[in-house]
Amino acid sequence: MKFIGIIPARYASTRFPAKPLAILGGKPVIQRVYEQVAGVLDDAYVATDDERIESVVKSFGGKVVMTSVHHKSGTDRCYEAYQKVGEGYDVIVNIQGDEPFIQRSQLEAIKSCFEDETTQIATLVKPFTVEDGFDALENVNSPKVVVNKQMQAMYFSRSIIPYQRNKEKKDWLANHTYYKHIGLYAYRASVLQEITALPQSTLELAESLEQLRWLENGYTIKVGVCDVETIGIDTREDLERAEAFLKNHKKMK
């Protein structure tokens with residue numbers, strides 16, 4: 001199977017404008033994401049709607065494709081980029097443009113989900129640990145995932161699910177394995193075409209989680225488990241944390 005990585009990167013951001021071009025350890029954030037992905041997948045492209053990002057990607061030798069400014073999601077931008085790059089790939093991997101520390105092990109984990117011929121869409125989770133504490137579990141910015149016996153997603157929620165009716169909340173993490181969603185997706189090419197044509201669903205609008213649209217329309221999402229947690233950059237404060245992380249991990253140059 002051939003895997004192509006698409007990295008959606010927008011210039012406009014309410015919380016952190018020009019985020020892909022922010023400098024982290026002497027390199028633009030988007031360059032760090034691209035370098036972490038290139039070589040692990042068969043090919044990789046940045047998909048952007050801004051000429052400034054396009055110019056920077058070309059300057060470090062990366063591949064880039066210009067896409068519409070009107071996309072409402074990274075999934076839609078991925079599909080347009082895939083169409084422009086051309087066919088010949090079995091699976092499109094959607095890598096967030098603000099994940100400069102994405103690891104090879106995570107990419108390999110999502111690739112392995114497609115060893116099952118029935119996999120339509122794949123994503124990753126990381127188990128919450130007792131050490132994470134209840135506050136981390138309760139954080140609405142960390143969606144939780146409930147899976148079935150075949151490690152397929154049953155539901156994603158910003159709330160804590162399942163609710164343990166007969167246990168104290170302080171004991172919940174010790175009595176059940178909760179999974180934190182890691183926002184990395186991969187889609188078979190034919191499925192990506194189908195899901196980008198779907199209208200927003202009621203569950204998606206309620207939770208503000210795009211993947212619920214796919215579940216609500218009957219698609220299955222295979223879930224891979226990883227033990228790595230990376231630092232996503234949503235704010236300038238996150239960039240400062242990432243800079244500190246980089247200094248403590250010298251091998252990430």
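**Figure 1. The cavity of the predicted model.** The structure holds one cavity of 30 Å³ or more, in a model that is predicted. The largest cavity has a volume of about 70 Å³, and the residues that line it are I95, Q96, E99, I102, Q106, I182, G183, L184 and T230. Of the elements that contribute to this lining, strand 10 gives the most, with three residues.

**Figure 2. Strand 6 and its two partner strands.** Strand 6 spans residues 91-94, with V91 and V93 pointing one way and I92 and N94 pointing the other way, and all of these residues are buried. Strand 1, which covers residues 3-9, pairs with strand 6 in the parallel sense over four bridges, and the bridge partner of G5 in strand 6 is V93. Strand 10, which covers residues 179-188, pairs with strand 6 in the antiparallel sense, also over four bridges. Within this second pairing, I92 stands opposite Y187 of strand 10.

Figure 3. F134 belongs to helix 5 (residues 134-138) and W172 to helix 6 (residues 172-175), so the pair ties together parts that are 38 residues apart in sequence. W172 is buried, with a relative accessible area of 1%. F134 and W172 also form one aromatic cluster together with Y163.

**Figure 4. A stacked pair of tyrosines.** The rings of Y185 and Y187 have their centres 6.4 Å apart and their planes at 20°, and because planes under 30 degrees apart count as stacked, this pair is described as stacked. Both Y185 and Y187 are buried. Y187 is also the residue of strand 10 that stands opposite I92.

**Figure 5. Charged side chains over aromatic rings.** The charged end of R52 sits over the ring of Y11, at 3.6 Å from the centre of that ring. In another such contact, the charged end of K111 sits over the ring of F3, at 5.4 Å from its centre.

Note on methods. Residues numbered from 1 in each chain as written. Predicted model: local features only at pLDDT ≥ 70, side-chain atom pairs only at ≥ 80, totals over all residues. Heavy atoms only, no water. Buried < 20%, exposed > 50% of the residue type's maximum accessible area, 1.4 Å probe, protein only. Phe/Tyr/Trp six-rings, centres within 6.5 Å; stacked < 30°, edge-to-face > 60°. Lys NZ or Arg CZ within 6 Å of the ring centre and 35° of its normal. Pairing = 2+ DSSP bridges. 1 Å grid on protein atoms, 1.4 Å probe; cavity = no way out; pocket = protein on both sides within 12 Å on 5 of 7 lines; lining within 4 Å. Points joined across faces, edges and corners; volume = space filled by probe spheres on them.
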